[in-house]
Amino acid sequence: MKVRYALYAVLIAALALGMMGCGKKETSENAPAAPAATAPGAQPVDLATAGSVEGTVKLEGSPPPGKKINMAAEPSCAAQHSTPATDQDVVVGAGGTLGNVIVYVKEGLGNRTFEAPKTPVALDQKGCMYIPHVVALQAGQPLEVRNDDKANHNIHPVPKFNREWNKSQPPGAPPIDETFAREEVAIPVKCNVHPWMKSYIAVLKSPYFQVTASNGSFSLKNLPPGTYTIEAWHERYGSTSQTVTIAPKESKTINFVFKAAAGD
Amino acid sequence: MATSANPAFHRFAVFVAACTFLLLVAGALVTSNDAGLAVPDWPLSYGSVAPPMVGGILYEHGHRLVASFVGILTIFLAAWLWRHEPRRWVRRLGLVALGVVIAQGLLGALTVKFYLPISISVAHACLAQIFFGTVVSLALFTSRWWQSELPQAADTASPPVRLLAIGTAAAIFLQLVLGAAFRHKGFGILPHLAGAAVVTILVLWTAGAIRRRFPESAPLGRWRRLLHFLIGLQLLLGGAAWWSRVLAQEFPQPIPVTIWLTVAHTVVGALTLSAAVVTALVCVRLLSSSREAALTSQPQQATL
């Protein structure tokens, strides 16, 4: 009898260990690629000496005209637009300033690591459009996807380096919370119910990033002194980068210029 | 061959083949509308058997409904053949069709569960062609014509027409694999273009050999002309589909002209394969090698 109990105990222990093993694997897949802020190599940023990089992104040449979207397949969404919606590939402000550009520190932070914020970044679906069109968040930071439409949506990011997922979200469904573990600029997001719905999610390993509004301006604050590669990425025009050196408390200005394609 | 043809069998098999053709159209519409993942769950759609049929859900769930119907029809066809068909190989072919349609359903589920991996998507597209060819063959085998006494002709020239016809059907199938790989972004367009050239040459060669060697054969002439027509139509549709894809790049969503041209190109491809399979089977049914002809003392070129 005692032997049987001992066997049961061993079996339960083995199962528990197995489940722990599975749990550990899941955690490592979902956790940020970068270790937590308290890990070796994490150096707190000294705000007393920190500087910043600011600037503007512009488009040289004529922007392409917005392409009209045909929402006849989803009348409830079409009714939300007083004029036909257009794609958001190229959003240009006064003087050729370019919106929806992700500006971020690509290199220069060494082995610094940054804890992911707990505050979720929102991605709304309204009028069968993703709002905002481009979002950026830190690896491990929650993404909260909401459906404000009376239509069924599916949210389908197509990453290269992160885990792919595809979830449905009927009207009135609770928000979908997801995270991305690895840096990736940028992950295309599709809705296969409404093939015109497109968005991009940029996942960064540091908090030094910004998505430009239509005025094209960006500001990367609280950067420790050092030399950095700053990259600007746009879904249509690709990426361009500049190297900048920040002295203690220094604020530098750099500007990016993308050239409109010949066919635009 | 003793005639044991049951017209009801044949009509039902033709009906299943026609429904399978509609299923091919429904499947092609899913891909052309980029709606393969519009319904993330399987086997239910948005947790229901009757989700709102809008946008991509219309195409994906519609495809599932038609597929379920064809699956049920195939069960009936296989069961009917198993109970009443005297020829064992035809009964077995009915079971093969049932196995293929089940495998096809599972591949469809895998495309949803694994987010349209290229290999599974291409396998799903190609198995659809195999299933269509199988059901069309069953319709042929259950016909009164196939089961009646038919004069045999000797196919003595080299290469034999039977071999050419079988090779053409095989080449068309490989071309459909290349087309599916291009459509699902596994390959570029070049292998598909090269395949089109090879298939065109083989179709012209086979059709020419049939015309020269067996000009009196009405069945062979009929299928030869159909194959000719389909390959010409398919080349035109291929060019038009390519043009429309280039045109569609300027639009934020799939446009009707691209959708319908790519769907037409896909399903005419399936028709071409089936026509080639039937042509090969008709050749096998009506023609014999010189050795077989000598054994049966048939004339070299009998009137078919």
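1. In this predicted model, helix α4(B) passes helix α6(B) in a right-handed crossing. The two helices pack at an angle of about 145 degrees, and their axes are 9 Å apart. On the α4(B) side, the residues involved are Val122(B), Ala125(B), Cys126(B) and Gln129(B); these meet Phe173(B), Leu176(B), Val177(B), Ala180(B) and Ala181(B) of α6(B). Sorted by class, this contact has eight nonpolar residues and one polar residue, with no charged residues.

2. Helix α4(B), residues 118-141, also meets helix α9(B), residues 256-286. The axes of these helices come within 9 Å and cross at roughly 40 degrees. Angles under 35 degrees would count as roughly parallel, and α4(B) and α9(B) are therefore oblique to each other. Their crossing is right-handed.

3. The residues that make the contact between α4(B) and α9(B) can be listed for each helix. From α4(B) come Gln129(B), Phe132(B), Gly133(B), Val136(B), Ser137(B) and Leu140(B). From α9(B) come Ala270(B), Leu273(B), Ser274(B), Val277(B), Val278(B) and Leu281(B). The class count here is eight nonpolar and four polar residues, again with no charged residues. Gln129(B) takes part in the contact with α9(B) and also in the contact with α6(B).

4. Helix α7(B) comprises 24 residues, 190-213. At 1.5 Å a residue, this helix should span 34 Å, and its end C-alpha atoms are 35 Å apart, which agrees. The buried residues of α7(B) are His192(B), Val199(B), Leu202(B), Val203(B), Thr206(B), Ala207(B), Ala209(B) and Ile210(B). These buried residues pack against two helices of chain B, α6 (161-183) and α8 (218-248).

5. Turning to chain A, the secondary structure comes to two helices and 17 strands. Chain A has 264 residues, of which 37% count as buried. Among the contacts in chain A with a separation of 6 or more, 68% are between residues 24 or more positions apart.

6. Between the chains, 20 residues of chain A are in contact with 21 residues of chain B. Strands β7 (153-157) and β8 (167-169) of chain A each supply at least two residues to the side that touches chain B. By class, this side of chain A has seven nonpolar, eight polar and five charged residues. Charged residues are therefore present on the side of chain A that touches chain B, whereas the contact of α4(B) with α6(B) has none.

Notes: Residues numbered from 1 in each chain as written. Chains lettered and ligands numbered in written order. Predicted model: local features only at pLDDT ≥ 70, side-chain atom pairs only at ≥ 80, totals over all residues. Contact = placed C-beta atoms within 7 Å. Helix = DSSP H or I, 4+ residues; strand = E, 2+ residues; numbered from the N terminus. Axes fitted to C-alpha atoms, helices over the stretch in contact; angles between N-to-C directions. Parallel < 35°, antiparallel > 145°, perpendicular 65-115°, else oblique. Left-handed = near helix turned anticlockwise from the far one by under 90°. Expected span 1.5 Å × (residues − 1). Buried ≥ 20, exposed ≤ 12 C-beta atoms within 10 Å, placed from the backbone.
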